Amino acid sequence: MTVNVARYKELKSKLDDRKVTLVAVSKIKPISDIKALYDLGHRDFGENYVQELVEKQAALPADIRWHFIGHLQSNKVKYIAPFVHLIHGVDRENLLKEINKQGQKNERKIACLLQVHIAQETTKFGFSEDEIQEVIQKSSSFESVAIRGLMGMATFTDDQNQIAKEFDGLHHLFQSLKSSVDNDFSILSMGMSADYELAIDKGSNMVRIGSLLFGAR
Ligand SMILES: *Cc1c(COP(=O)(O)O)cnc(C)c1O
């Protein structure tokens, strides 16, 4: 077992104080690691790969809230649609359409975050800031999708100013949309092991943390 329990407890209380939700990112890590945090009362876990998520979901308690944080292929939505708690990385309209279809089939509304491309790397995914408003408008006709907020990943760099600037931009966009969209639009998912403190300072209310809790992958 490689879970750092002391670090988890410290982090969890720090985040609770600031009303930030901790998504423990357990990709590639064994079920026993997830169980260790579950037994401490943790319920929000994040996974990147559909098949891995489906296997873990079947093997673990039903009250876990599973967050899908990876790049989701449209043809795989159906496998996670029955149980997924929140899909963080919705980055194209076709995907939203498919999530809506699968939500309908499962008779549930699937909660989603729109991913915004804030990093410099072109390899990262997401809508541009300009596209977001339009996507939100279009999605209002999707009855089985609930757009709950935004998600973003900063550039992989040591330059704190650059990261701060990107988080600031996303927070600003989030705030401006929040006033125009309904009450359900309330989640800003930004920050990982290396940059979560900065992300929280910049207004994040949900962080996705893997290696800090489970060790390097
Ligand atoms: C893997 C992953 C994380 C967690 O990264 P760590 O650096 O291990 O905390 C967070 N968000 C996304 C989208 C990821 O793919």
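Strands β1 (residues 21-25) and β8 pair in the parallel sense, with 4 bridges between them. The model is predicted.

- L22 stands opposite V207 of β8.
- From strand β8 (residues 206-209), M206 and R208 point one way, while V207 and I209 point the other way. All four of these residues are buried.
- In a regular strand, side chains alternate between the two faces of the sheet.

**Helix α6**
- Helix α6 spans residues 129-139, and its buried residues are I132, V135, I136 and S139. They lie on the same side of α6 because they cover an arc of only 100 degrees around the axis.
- An α-helix has 3.6 residues a turn, so residues three or four places apart point the same way.
- The exposed residues D130 and Q137 are carried on the face of α6 turned away from its buried side.
- The buried residues of α6 pack against two helices, α5 (93-105) and α7 (160-178), and against two strands, β5 (110-116) and β6 (145-152).

**Nonpolar cores**
- The largest nonpolar core has 62 residues, and within it L114 and L150 touch the most other members. Helix α7 gives the most to this core, with 7 residues.
- A second, separate core holds 7 residues, among them L86, M151, I187 and M206.
- In soluble globular proteins, nonpolar side chains tend to be buried together.
- Leaving aside neighbours within four places in sequence, L150 is in contact with L113, L114, V116, I132, L170, L173, F174, L177, F185, I187, L188 and S189.

**Aromatic and charged side chains**
- How many aromatic pairs does a search of the whole structure find? The search finds 2.
- F45 and W66 form a tilted pair, 6.1 Å centre to centre and with 45 degrees between the planes. This pair links distant parts of the chain: F45 is in strand β2 (residues 44-47) and W66 in strand β3 (residues 65-68), 21 residues apart.
- F45 counts as buried because its relative accessible area is 0%. W66 also counts as buried, because its relative accessibility is 2%.
- F174 and F185 form a stacked pair, 5.6 Å centre to centre and with 25 degrees between the planes. F174 is in helix α7 and F185 in the loop between α7 and β7 (187-190), 11 residues apart, and the pair links distant parts of the chain.
- The charged end of R43 sits over the ring of Y38, 3.6 Å from the ring centre.

**Loop residues**
- Most residues other than glycine have a negative phi.
- K19 is not a glycine, yet it has a positive phi of about 55 degrees. K19 lies in the loop between α1 (5-17) and β1, and K19 counts as exposed because its relative accessibility is 71%.
- E107, which is not a glycine either, has a positive phi of about 55 degrees. E107 is found in the loop between α5 and β5, and E107 counts as exposed at 77% relative accessibility.
- P61 is in the loop between α3 (50-59) and β3. With a relative accessible area of 23%, P61 is partly exposed.
- P61 and N183 are 122 residues apart in sequence and 30 Å apart in space, C-alpha to C-alpha.

Methods
Residues are numbered from 1 along each chain as its sequence is written. This is a predicted model: local features need pLDDT of at least 70, side-chain atom pairs count only at pLDDT 80 or more; totals for chains, interfaces and linings use all residues. Side-chain values use heavy atoms; hydrogens and water are left out. Buried means under 20% relative accessible area, exposed over 50%, partly exposed in between (1.4 Å probe, protein chains only). The arc is that of the directions from the helix axis to the C-beta atoms. Contact means heavy atoms within 4.5 Å. A nonpolar core is a set of buried Ala, Val, Leu, Ile, Met, Phe, Trp, Tyr and Cys residues joined through side-chain atoms within 4.5 Å. Rings of Phe, Tyr and Trp (its six-membered ring) pair if their centres lie within 6.5 Å; planes under 30 degrees apart count as stacked, over 60 as edge-to-face and the rest as tilted. A charge sits over a ring if NZ of Lys or CZ of Arg is within 6 Å of the ring centre and within 35 degrees of the ring normal. Two strands pair if DSSP finds at least two bridges between them.
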